[in-house]
Amino acid sequence: MAEDNNRTLRDYGAPGAFSLTSGISPPTTQANDFGFKPALIQLVSSQPFHSLASECPQDHLRRFIDLCMTVKHKGVTQDYIRMSVFKFSLGGEVAKWLENLPSNSLTTWDQVTKAFLARFYPLSKTARCALKS
């Protein structure tokens, strides 16, 4: 408490230290020599999902999974790949949605897809997406 007595008014208004948070907590991997190639990140982020009326969340997930399945590395699971890269496939308010989820609240790919579809696949879109297929 003694430290609070020495703080100025500016200290109370200044932001604290920055920390990157996400609702997604990827599983650990045994591969110490693994890293994502910039080309994958560029491909994943080239068509971000913004939840526009013309976008189908299931189509987005299908494309995203197809891209992730091109990455193979011993000791690295698809869950790790998908959960590590998914944030790059989102744009605008959808990306903010993910950032605003409780930190590390999604710990499996199944949880990620369920949360994503629950938020961005309302009944009104279900009919439109079904018509496109």
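Helices, taken here as DSSP runs of H or I with at least four residues, are numbered from the N terminus. The model is a predicted one, and the points below should be read accordingly.

1. Overall count. How many salt bridges does a search of the whole structure find? The search returns three.

2. Glu93 and Lys96 both belong to helix H5, which covers residues 92-100. They are three residues apart, about one turn of the helix, and their side chains meet in a salt bridge with an N to O distance of 3.7 Å. Glu93 counts as exposed, at 59% relative accessibility, whereas Lys96 counts as partly exposed, at 43%.

3. The pair in helix H3. Asp59 and Arg62 form a salt bridge whose closest N and O atoms are 2.6 Å apart. Both residues lie in helix H3 (residues 57-68), and a spacing of three residues separates them by about one helical turn. Asp59 has a relative accessibility of 30% and counts as partly exposed; Arg62, at 46%, also counts as partly exposed.

4. The pair in helix H6. Lys114 is bridged to Asp110, with 3.3 Å between the closest N and O atoms. The two residues are four apart in helix H6 (residues 109-120), so about one helical turn separates them. Lys114 is exposed at 55% relative accessibility, while Asp110 is partly exposed, with a relative accessible area of 44%.

5. An arginine without a salt bridge. Arg82 is located in helix H4, which spans residues 78-85. Is Arg82 buried or exposed? Arg82 is buried, yet it has no salt bridge. The nearest side chain of opposite charge is that of Asp79, at 4.8 Å.

6. Surroundings of Arg82. Which residues are in contact with Arg82, leaving aside its neighbours within four places in sequence? With those neighbours set aside, the contacts of Arg82 are Phe64, Ile65, Cys68, Met69 and Trp109. Residues 57-68 form helix H3, and residues 109-120 form helix H6.

Methods:
Residues are numbered from 1 along each chain as its sequence is written. This is a predicted model: local features need pLDDT of at least 70, side-chain atom pairs count only at pLDDT 80 or more; totals for chains, interfaces and linings use all residues. Side-chain values use heavy atoms; hydrogens and water are left out. Buried means under 20% relative accessible area, exposed over 50%, partly exposed in between (1.4 Å probe, protein chains only). Lys and Arg count as positive and Asp and Glu as negative; His and the chain ends are not counted. A salt bridge is a side-chain nitrogen of Lys or Arg within 4 Å of a carboxyl oxygen of Asp or Glu. Contact means heavy atoms within 4.5 Å.
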